[in-house]
Amino acid sequence: MIAKINGIVNDFVWVKIGLVLLLGTGILLTCCTKFFQLSHISHWWKNTIGSVFKRGSAATKKTDKQTISQFQALCTALAATIGTGNIAGVSAAIVIGGPGAVFWMWVAAFFGMMTNFSENVLGIYYRRRNSKGEWSGGAMYYLEDGLGKKIHSRALGKILGILFSICVLLASFGIGNMGQVNKITLNMQSAFFSGVHAPKLGDVSVINIAIGIVLMIVAALIIIGGIQRIAAVAERIVPFMAVLYVVGALIVVDTHIGQVGAMFASIFKFAFGIKAVGGAVVGIALKEVITQGCKRGVFSNESGLGSSVMVHSASNVKEPVKQGMWGIFEVFFDTFVVCTITAIVVLSSGYINLETGIAAEGVNDATLVASAFGNVFGKGGEIFIALAMLLFAFTTVLGWSQYGTKAIEYLFGEKVVPVYKVIFVLMIISGAVMTSTLAWDISDTFNGMMMIPNLIGVLTLFPMVMRITKNYVDRKIRGKKIEPMLSYDSSIQKEMAEAIENGEE
């Protein structure tokens, strides 16, 4: 009964209103900012990933112990977004919706760039400091201090902020913790212990328990150290794991280089729901193709959910638009690079018929990428994917721990944060021994429910995003001498403005 009710709610949240809200918001923001992600592509590229390679760049520099650098904020956000969705999620989208789902994944990501941009602009503009001097920001704060300051909206802003935080909290235990650890355990078992007959405690293998304990100990050492330690770990692991995965995937693609043209042709050919079956052309539900592509894309890059804002807001950046541009790059890298690479690997595996767009009978989307790597590298390919899943999913756990921390801080204050961290770490064991997918499915629903209050806030406050963006473009690109828009709080506005005058970025 719980599963049935959850299925109805999940379908309503993700399909009935979620995707329409997500795409609609992205399209609106893209049009209103005059396609900022394209029209200012050289500017945001130069001021995000391009700045990382400049000696003494402000992007990689920490200014104090209470903040993290702009690049660390990106890596921590990517740690949470680059997870199982980039591997198993892309496979599932193609198996269920056909190769055309990849096209809609790109569409959702293109417009999602500006949604993520807007979230981060609002996150920086409405952030505040806690008693430790750390920045606290996220959808709950721009709902309370942005939407809540509008006429007759004070109570609504606070209620939506609380609802958002509750959904974040619940999703952090499920999709951000147990679900990820469960995927790690299954993949590690398959790659390293498939032939081992280990003793059991009840219905649970000792191997699962051992994996859970190791992950719990490592996670505890990092999470207890707070955002600074999480960011420091993410800064080292995320670039390494992303580059390693992309290089490995490109080797797989290179072995099927002659099929690359046919792969991309199949993506565009089936984007509008047409498959050839038995020599006759029949239409499959276009809704299924679009839903799978958009849902899995959003599940991967999290644009519109308001989650990564909580990490981006901890950055030492002064300009809201600058961190917004890091949000554009985050979606670009997650979907257009990592997810696309995975899609090409899946389409080159031989398990997807490029003529019909239909997966071979009995194909398991959860292990499809591992099988594709195994065809090229043998057993080593499956081990490689297991290790990739370990890094991808484990860093997701670290990132989501910070999301939950900020949600609990907003709901109950800073004193409860240590209690949350202990419970979060202990729940890792539950993920390792979990056999039911119900917890994963329910947390997926809460994950989707985050988007509704968040997008209400983004849509209501998009005129503010427009004003802040125009202010930035006028100053930084057109060279106008006008006062910067940096914070809703006059004291923070003054502090940031003085820092910029002193040459701090």
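Buried here means under 20% relative accessible area, exposed means over 50%, and partly exposed is whatever falls in between (1.4 Å probe, protein chains only). This is a predicted model, with residues numbered from 1 along each chain as its sequence is written. Local features need pLDDT of at least 70 and side-chain atom pairs count only at pLDDT 80 or more, while totals for chains, interfaces and linings use all residues, and side-chain values use heavy atoms, with hydrogens and water left out.

**Met263 sits in helix α12, residues 260-269.** Helices (H or I, at least four residues) are DSSP runs, numbered from the N terminus. With a relative accessible area of 1%, Met263 is buried. Look for Leu347 as well: Met263 and Leu347 are 84 residues apart in sequence, yet their C-alpha atoms lie 6.2 Å apart in space.

**Helix α11 bends by about 30 degrees at Ala234.** The bend is the angle between axes fitted to the seven residues ending at a residue and the seven starting there. Helix α11 covers residues 226-254, and its 29 residues should span 42 Å at 1.5 Å a residue. That expected span is 1.5 Å times one less than the number of residues. In the model, the end C-alpha atoms of α11 are 41 Å apart, which agrees. Glu235 also belongs to helix α11, and it is partly exposed, at 22% relative accessible area. From Glu235 to Met449, which is 214 residues away along the chain, the C-alpha separation is 29 Å.

**Tyr245 and Phe373 form a stacked ring pair.** A search of the whole structure turns up 26 aromatic pairs. Rings of Phe, Tyr and Trp (its six-membered ring) pair if their centres lie within 6.5 Å; planes under 30 degrees apart count as stacked, over 60 as edge-to-face and the rest as tilted. Tyr245 and Phe373 have ring centres 6.3 Å apart and planes at 25 degrees, so this pair counts as stacked.

Phe373 and Phe377 are 4 residues apart in helix α16, or about one helical turn. Phe377 is partly exposed, with 37% relative accessible area.

**Six aromatic residues cluster through ring pairs: Trp44, Trp45, Phe329, Phe332, Phe333 and Phe336.**

**Helix α17, residues 379-412, is largely enclosed by the rest of the structure.** Of its 34 residues, 24 are buried, so the rest of the structure encloses most of α17. At 1.5 Å a residue, α17 should span 50 Å, and its end C-alpha atoms are 49 Å apart, which agrees. Just past the end of α17, Gly413 takes a positive phi of about 95 degrees.

**The second largest pocket has a volume of about 290 Å³.** Lining it are 19 residues, and those closest to its centre are Lys132, Glu134, Thr405, Val417 and Lys421. On a 1 Å grid over the protein atoms alone, a pocket is an open set of points where a 1.4 Å probe fits, with protein on both sides within 12 Å along at least five of seven lines; lining residues have an atom within 4 Å of a point. Volume is the space filled by probe spheres set on the points, which are joined across faces, edges and corners. Helices α11, α17 and α18 (417-433) each supply at least two lining residues, and α17 gives the largest share, 4 residues. By class, the lining has 6 nonpolar, 7 polar and 6 charged residues. Here Ala, Val, Leu, Ile, Met, Phe, Trp, Tyr, Cys and Pro count as nonpolar, Asp, Glu, Lys and Arg as charged, and the others, Gly among them, as polar.

**Lys34 lies in the loop between α1 (2-32) and α2 (36-39).** Most residues other than glycine have a negative phi. Lys34 is not a glycine, yet its phi is positive, at about 55 degrees. Phe35, found in that loop between α1 and α2, also has a positive phi of about 55 degrees without being a glycine. Lys34 is exposed, at 67% relative accessible area, whereas Phe35 is partly exposed, at 35%.
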